[in-house]
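Dear colleague,

I am handing over a structure that will be new to you, and below it I have set out what was found in it. Please read the notes with the model open beside them.

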Amino acid sequence: MCSILSRRNPVQRALALTHLLAARPDGSSHAAAGRRRLHPGVSTGVHPLPAASRSYCSRMAQNQGLFFRQLFEKESSTYTYLLADTDTRDAIIIDPVLETIDRDLKLIHELGLNLKVAVNTHCHADHITSTGLMKKRLVGLKSAISKFSGATADILLSEGDEITFGKHHLKVRETPGHTDGCVALVLEDQSMVFTGDTLLIRGCGRTDFQQGCAKTLYNSVHQKIFTLPDQCLVYPAHDYLGQTASTVSEERKFNPRLTKSLEEFVDIMKNLNLPKPKKIDISVPANLVCGVHEV
């Protein structure tokens with residue numbers, strides 16, 4: 001079990017301006033990993049990102065030089081997240097969706113980002129990831145997913161691994177329960193956490209298929225996510241009500257499922273009686289092979 005990262009200037013809850021690029025993209029190589037850190041290559045000869053005047057529903061962390069963008073896919077109500085170092089332009093993308101691959105790649109090209117890693121928080125059942133096709137269109141892009149997911153990827157993630165982009169990184173916390181291979185990704189200053197389907201805004205992922213276990217999910221949330229700082233921003237993989245973010249403090253206080261006792265939570269999850277995801281029969285096989293199965 002890894003130790004929790006030290007708290008370094010956690011940001012206050014806010015939505016702020018993001019930055020755009022106005023320079024040409026650069027290619028770069030993928031550097032070797034060391035000490036269980038996943039080090040994408042660092043570009044040379046690039047310039048800091050200029051600020052733009054347009055406001056977006058996203059935020060800028062207080063730690064210098066972090067670009068962040070939250071993107072939405074309406075059919076599965078999936079959030080995709082793009083993060084980058086504004087100096088090196090090294091970037092990562094979280095939970096990209098097949099239907100929005102052209103939109104995402106267009107944005108990455110417009111901003112001149114060097115996309116290094118496409119990471120999935122788990123093996124999705126409601127949509128197909130675009131990771132596999134992205135790799136075919138972006139030379140050097142690496143895929144990443146938990147080693148417990150059963151899926152194929154270039155990088156198999158474990159507890160404590162760090163996915164690095166420029167001077168920033170996300171640290172992996174294993175959060176099984178929705179599936180065996182669920183992970184939460186925590187920004188280095190613990191100001192943001194990307195929770196996948198494990199923790200949703202005022203909800204959580206279902207536990208009635210794909211290795212689901214209500215007791216395991218409950219413990220994952222309380223031990224790996226609710227131990228983060230109060231103002232750590234929670235960014236889930238989905239939201240069906242138009243909500244974009246929450247905080248750890250809010251979910252500890254107001255989540256109608258996870259504020260219950262373990263026994264009450266298990267009973268709630270056992271009686272949800274939800275229909276099977278419409279795309280599960282095509283999504284899971286495709287996502288087990290990086291999203292390229294019969295696509």
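How do the residues of the lining of the largest cavity divide into nonpolar, polar and charged? They divide into seven nonpolar, eight polar and no charged, where Ala, Val, Leu, Ile, Met, Phe, Trp, Tyr, Cys and Pro count as nonpolar, Asp, Glu, Lys and Arg as charged, and the others, Gly among them, as polar.

Before going further, please keep in mind that this is a predicted model, in which local features need pLDDT of at least 70 and side-chain atom pairs count only at pLDDT 80 or more, while totals for chains, interfaces and linings use all residues. Residues are numbered from 1 along each chain as its sequence is written, and side-chain values use heavy atoms, with hydrogens and water left out.

The chain as a whole

The secondary structure comes to six helices and 15 strands; helices (H or I, at least four residues) and strands (E, at least two) are DSSP runs, numbered from the N terminus. Of the 295 residues of the chain, 57% count as buried, a word that stands for under 20% relative accessible area, with exposed meaning over 50% and partly exposed in between (1.4 Å probe, protein chains only). Among the contacts in the chain with a separation of 6 or more, 67% are between residues 24 or more positions apart, a contact being heavy atoms within 4.5 Å.

Rolling a probe the size of a water molecule over the atoms shows where empty space is left. The work is done on a 1 Å grid over the protein atoms alone: a cavity is a set of points where a 1.4 Å probe fits but cannot get out, a pocket is an open set with protein on both sides within 12 Å along at least five of seven lines, and lining residues have an atom within 4 Å of a point. Grid points are joined across faces, edges and corners, and a volume is the space filled by probe spheres set on the points.

By this rule there is one cavity of 30 Å³ or more, and the largest cavity has a volume of about 80 Å³. It is lined by 15 residues, of which Asn-120, Thr-129, Ile-145, Asn-287 and Cys-290 are the closest to its centre, and strand 6 (residues 142-146) gives the largest share of the lining, three residues.

Thr-129 itself is found in the loop between strand 5 (114-119) and helix 2 (131-137), and it is buried, with a relative accessible area of 2%. Its side chain makes polar contacts with the side chains of Asn-120, at 3.2 Å, and of Thr-131, at 2.7 Å; a polar contact is a pair of N or O atoms within 3.5 Å, where within protein one must be able to donate a hydrogen and the other to accept it, and residues adjacent in sequence count only if both atoms are side-chain atoms. Leaving aside neighbours within four places in sequence, Thr-129 is in contact with Pro-96, Leu-98, Asn-120, Asn-287, Cys-290 and Gly-291.

Asn-287 is one of the buried residues of helix 6 (residues 280-288), together with Ile-280, Ser-283, Val-284 and Ala-286, and just after that helix Cys-290 takes a positive phi of about 70 degrees.

The largest pocket

The largest pocket has a volume of about 720 Å³. Of the 30 residues that line it, Asp-126, Arg-206, His-238, Tyr-240 and Leu-274 lie nearest its centre, and its lining divides into ten nonpolar, ten polar and ten charged.

Aromatic pairs

A search of the whole structure finds nine aromatic pairs; rings of Phe, Tyr and Trp (its six-membered ring) pair if their centres lie within 6.5 Å, and planes under 30 degrees apart count as stacked, over 60 as edge-to-face and the rest as tilted. Tyr-79 and Tyr-81 form a tilted pair, 6.1 Å centre to centre with 40 degrees between the planes, and both are buried. Tyr-218 and Phe-265 form another tilted pair, at 5.3 Å and 45 degrees; Tyr-218 lies in helix 3 (residues 214-225) and Phe-265 in helix 5 (residues 262-270), so this pair ties together parts that are 47 residues apart in sequence. Ring pairs also link Phe-68, Phe-72, Tyr-79, Tyr-81, Phe-194 and Tyr-235 into a cluster.

With best regards
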